[in-house]
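User: I'd like to go through this one with you, starting with charged contacts and then moving on to strands. Could you take it step by step?

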Amino acid sequence: MKKLSGAEMVVQSLRDQGVKFLFGYPGGSVLDIYDAIHTLGGIEHVLVRHEQAAVHMADGYARSTGEVGCVLVTSGPGATNAITGIATAYADSVPLVVLTGQVPSNLIGTDAFQECDTIGITRPVVKHSFIIQRPEQIPEIIKKAFYIASTGRPGPVVIDIPKDMVNPANKYPYEYPKEVSLRSYNPNSQGHKGQIKKALKALLVAKKPVLYVGGGVVINNSSDKVRQFAKLLNLPVTSSLMGLGAYPSTDRQFLGMLGMHGTYEANCAMHDSDLILGVGVRFDDRTTNNVKKYCPHAKIIQIDIDPTSISKNIPAAIPIVGSVDNVFSEFLALLQDENLAKSQSDLTEWWQQIDQWKAKKCLEFDRTSKEIKPQAVIETIYRLTKGDAYIASDVGQHQMFVALHYPFDEPRRWINSGGAGTMGFGLPAAIGVKFAHPDSTVVCVTGDGSIQMNIQELSTVKQYDTPVVIVSLNNRFLGMVKQWQDLIYSGRHSQVYMNSLPDFTKLAEAYGHVGIQINHADELEEKLTQAFAIKDKLVFVDVLIDATENVYPMQIRGGAMNEMLLGAPEKE
């Protein structure tokens with residue numbers, strides 16, 4: 001059995017785990033690990049420009065592949081800078097393993113240089129955390145971390161590593177475990193057969209059913225089975241923000257995204273439904289509006305692998321704890337019973353009603369305007385990429401415009417911060433996606449506020465040659481905040497003007513990239529075509545959009561699902 005130092009164990013364990021990319025930033029407490037990366041090799045380390053971006057890159061990599069993203073940062077500010085990225089991954093159930101340096105064990109608690117209680121600070125936003133107490137533990141703890149991060153409801157796991165645990169002078173026997181057993185952690189993935197049959201029977205007799213899919217369908221790689229099930233039963237399908245792509249957005253049965261900025265037909269169908277089959281969804285506040293008025297006639301069936309998510313926000317009449325994949329395998333097996341399948345209600349009238357709501361064409365906008373409409377930008381991106389791109393977004397109006405106007409037909413193509421709503425996520429996440437899919441088109445749709453949160457990662461792109469296309473919907477405002485101030489605060493705009501923006505095209509060029517600015521609607525097609533034709537460099541497209549355009553539809557705050565604004569309210 002070979003002997004390795006603690007630092008070498010860290011690197012060898014990651015290699016044995018199959019880690020391809022390690023996103024990080026060096027510092028004093030992790031220098032021994034960085035030296036082992038140099039001497040052992042076998043892992044591509046990506047040197048970021050900020051630790052938050054390292055976690056977002058690993059996050060984008062994980063979301064687009066389903067693999068565990070991996071991060072290495074130093075102690076103190078290195079760890080605290082990473083927390084926003086960890087919280088972002090936690091909110092959206094993204095599997096990450098984050099290795100943080102720590103001061104030597106004998107100095108913990110003494111306020112040593114660059115010491116912080118990483119375990120304590122991150123505890124609310126991790127699935128689990130470890131601190132290394134003996135170097136011999138390193139292989140087993142790393143194996144456990146990857147197992148916990150990737151099973152059940154995925155999430156980030158932190159491993160805090162005191163500097164003395166990786167001393168290169170001390171060698172220990174090394175063996176990487178083939179498997180791990182955790183007595184206190186056994187996620188249930190099967191689903192109760194009785195509950196599954198009960199749920200299917202309830203669905204088949206419903207006259208106004210809706211299949212509501214969320215991020216859990218994407219995470220569990222269950223899109224094919226969910227699609228097959230929906231087709232067999234001719235069910236109307238809607239999606240949360242995180243579930244986009246789980247069901248083909250261009251399919252006739254898809255009603256669009258639901259919730260605060262959901263489509264008219266999706267929100268109305270939910271409100272009038274007599275049965276909602278919620279799959280891999282948490283029924284969070286952005287999808288329910290006022291819970292006291294939520295879907296008053298609907299029986300709720302909720303399927304989730306996380307038992308703490310069941311009935312957390314909306315009571316489920318039929319709860320099923322299990323993986324989406326296993327539960328839908330059971331559903332499809334039960335439908336082999338012809339007598340059961342024939343018992344389904346006739347949904348003709350339900351579809352006629354839905355078609356009337358669809359006829360509202362709630363996503364239409366002014367296509368004759370001389371101003372550049374953000375919806376037109378997104379539609380042009382969709383047309384030029386033929387829907388075959390990975391789209392990472394930041395958070396704000398531009399995020400909602402993508403969700404509504406770029407139809408996702410495949411899972412893991414829509415990379416965005418849903419639960420945490422993290423500005424600055426888009427560019428580093430897009431870089432992580434590009435590492436995972438170097439031959440694919442990767443687009444970062446952002447805003448003039450969000451892009452400046454992690455704009456320094458333009459340097460990372462240059463160093464590692466990961467050319468993405470950045471499209472900034474530049475309205476010179478913090479757009480979503482301004483929209484709320486328009487609607488809720490009588491147009492009193494407090495601290496939303498972006499009066500000192502840089503010339504983003506020149507800034508991109510300063511980093512060695514290509515900058516393109518679009519000022520007029522008649523330039524849109526030509527210049528975006530030019531941007532997508534450039535394959536060997538990052539292209540920053542700064543689009544000066546109509547600053548008055550807001551995101552509609554929009555639910556009326558405090559109302560029911562079907563209480564919506566389809567456009568700007570008339571001024572009295």
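Analyst: In this predicted model, the side chains of Asp 92 and Arg 63 meet in a salt bridge, at 3.0 Å from N to O. The pair links distant parts of the chain, with Asp 92 in the loop between helix 4 and strand 5 and Arg 63 in helix 3 (residues 51-65), 29 residues apart.

User: Is Asp 92 buried or exposed? And what about Arg 63, buried or exposed?

Analyst: Asp 92 has a relative accessibility of 8% and therefore counts as buried, the cut-off being under 20%. Arg 63 is also at 8% and counts as buried.

User: Switching to strand 5, how many of its residues are buried?

Analyst: In strand 5 (residues 96-102), 7 of the 7 residues are buried, so the strand is largely enclosed by the rest of the structure. Both faces are covered, with Leu 96, Val 98, Thr 100 and Gln 102 buried on one side and Val 97, Leu 99 and Gly 101 buried on the other.

User: Which strands are joined to it by bridges?

Analyst: Strand 4 (residues 69-73) runs parallel to strand 5 and is joined to it by 5 bridges, with Leu 72 partnered by Leu 99. Strand 7 (residues 156-162) also runs parallel to strand 5, through 7 bridges, and there Asp 160 is the bridge partner of Thr 100.

User: What unit do strand 4, helix 4 and strand 5 make?

Analyst: Together with helix 4 (residues 77-91), strands 4 and 5 make a right-handed β-α-β unit.

Note on methods
Residues numbered from 1 in each chain as written. Predicted model: local features only at pLDDT ≥ 70, side-chain atom pairs only at ≥ 80, totals over all residues. Heavy atoms only, no water. Buried < 20%, exposed > 50% of the residue type's maximum accessible area, 1.4 Å probe, protein only. Helix = DSSP H or I, 4+ residues; strand = E, 2+ residues; numbered from the N terminus. Pairing = 2+ DSSP bridges. Right-handed = clockwise from strand over helix to strand, strands pointing away. Salt bridge = Lys/Arg side-chain N within 4 Å of Asp/Glu carboxyl O.
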